[in-house]
Amino acid sequence: MIEFKALSLNLNNKIILENCNTVFKEGDKIVITGDSGSGKTTILNLIMGLAEADEGSIFFRGSKLSSENISEIRKSIAYIGQEPALGGTTVAEALDLPFKFKSNRGAEPDEKNITGILNFLLLDKDIREKNINSISGGEKQRIAIARALLLGKRIFLADEITSALDNTVIKQLYSLFSTEEYSLISVSHDPAWISFCSRRLNLKDGALTEVKP
Amino acid sequence: MSETLDISIIHLAYLYILIFLPLLLLLREGTNLIKDALFSLLRMTIQLGLVGFYLTWLFKLNNLWLNLLWVVVMLGVAAGTTVKRANLSARKFIPTIFLGLLIGVGGTTAFFILAVVRPDSWFDARYLIPLCGMIMGNSLRANVISLERFYSGIRNEEKLYKTYLMLGADRNEAVKPFLQQALKSSLNPTIATMATIGLVSLPGMMTGQMLGGSVPLTAIKYQIAIMLAIFIGESLAVILNLKFSIRSAFTPFDILKDDIFRNV
């Protein structure tokens, strides 16, 4: 699905990746571990085209990441950070936001779909009336996940998402991501999350190495 | 109508004496404005004095190429001041901002002179220089605000901008909220001025014309015309400068380049 070929990146005189060759397969549940500041989030940014490598290439389903295909690639990927920026004033506006963009027009979800996803993520449907500044970090994460599901995204990049979520919600995420149709590339320090993932890659001094369970 | 009464240097100096009254009061209040005020007063006197001499010479010669050169110099200084105050890289933005001002301000001034004022010679310094200056002065302020708000807005809310990209927005859609905010902030002052002009204060151009001997109705027609021209010129320049600058401010992957700012 995603392949790093001879990828190197230095940021602020620090080696993040050095001649890295890695393949992320469709349906993989991957967790990237490593010390704070080692560049784990940067790897997620590289996949989304939000950071650029100094050398090497990234391939997405066989096509090299380029200015021509980056929009299409971004459309397939959901990024969920610790404190997501939602946009809009209310939760309803935030959920509706992507459907204002040309590329998503005509794909607006129906009410049943929205309430079904909100229920699955243990969110009350009345949350849609709330101001986004009045909801918690964990709720913001769940709204961001709900929005990605409404958009039909199947590849999730998750950056330390368990820190603000309680166990019942995390269990729901395990059940979601354990299905074959979803691919997961995550960054985490959480032992439970790490043990849930089927592959673990450790980032240290620019090398991304497979850790056998 | 009578000519404007000239002010003698001695009589002008009376105001320099009177200015000591507020300065003394400020001093008594313990503010540290005195030094700044005196420095600004000196600069204003020297700058306007020099411009006075230069414009006298320019008006006397009234040469097409000299007048146009003066306009080009004004555009260049305005472009330089805009990038500096908007905290943007001079190398990257001066050419595009110069072009935006040339079309927005230069084009509006040309239309104003050719279609509205219609003097015997279109490049007459008496019309070209002050009209271009007034439209340019307002456009400068609006352009500084719009460019500064737009680029610092994206930089300060980088996470939100990137979220838009990840949700399927193309670059134009992702910058739209920042563009709308920049346009509002930069054009609101002129829109507010248009709504209150004449009620709160008599505008400078109209006052100047009446002091110069024009009948109030002529002065008002000029004032309406210049307000329209200012709004047209500054709106065009602001929109063009934002659109032109966007072309060189982002990477091919639609990420804002770091080196577009003066102080990275």
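The model is predicted: local features require pLDDT of at least 70 and side-chain atom pairs count only at pLDDT 80 or more, while totals for chains, interfaces and linings use all residues. Residues are numbered from 1 along each chain as its sequence is written, chains are lettered from A and ligands numbered from 1 in the order in which they are written, and side-chain values use heavy atoms, with hydrogens and water left out.

**Extent of the interface**

- Chain B places 17 residues in contact with 26 residues of chain A (contact means heavy atoms within 4.5 Å).
- B:Met166, B:Leu167 and B:Phe253 supply 44% of what chain B buries against chain A, more than any other three residues.

**Polar features and composition of the interface**

- The salt bridge joins the side chains of B:Asp170 and A:Lys102 at 3.2 Å, N to O (the rule asks for a side-chain nitrogen of Lys or Arg within 4 Å of a carboxyl oxygen of Asp or Glu).
- Helix α7 (residues 158-166) of chain B contributes seven residues, the largest share of the side of chain B that touches chain A; helices (H or I, at least four residues) and strands (E, at least two) are DSSP runs, numbered from the N terminus.
- That side of chain B comprises nine nonpolar, three polar and five charged residues (Ala, Val, Leu, Ile, Met, Phe, Trp, Tyr, Cys and Pro count as nonpolar, Asp, Glu, Lys and Arg as charged, and the others, Gly among them, as polar).

**Annotated spans of chain B**

- An unreviewed UniProt entry lists "transmembrane region" for several spans of chain B, including residues 6-26 and 38-58; such annotations may be inferred rather than shown by experiment.
- Residues 6-26 of chain B are 81% helix and 0% strand, with end C-alpha atoms 32 Å apart.
- Residues 38-58 of chain B are 100% helix and 0% strand, with end C-alpha atoms 30 Å apart.

**Strand pairing in chain A**

- Strands β1 (residues 2-11) and β4 (residues 55-60) of chain A run antiparallel and are joined by five bridges (pairing requires at least two DSSP bridges); A:Ser8 has A:Glu55 of β4(A) as its bridge partner.
- β4(A) also pairs in the antiparallel sense with strand β5 (residues 63-64) of chain A, over two bridges, and A:Phe60 stands opposite A:Ser63.
- β4(A) and β5(A) form a hairpin with two residues between them, and A:Arg61 in the turn has a positive phi of about 45°.

Terms used:
Buried area = accessible area lost by both parts, 1.4 Å probe.
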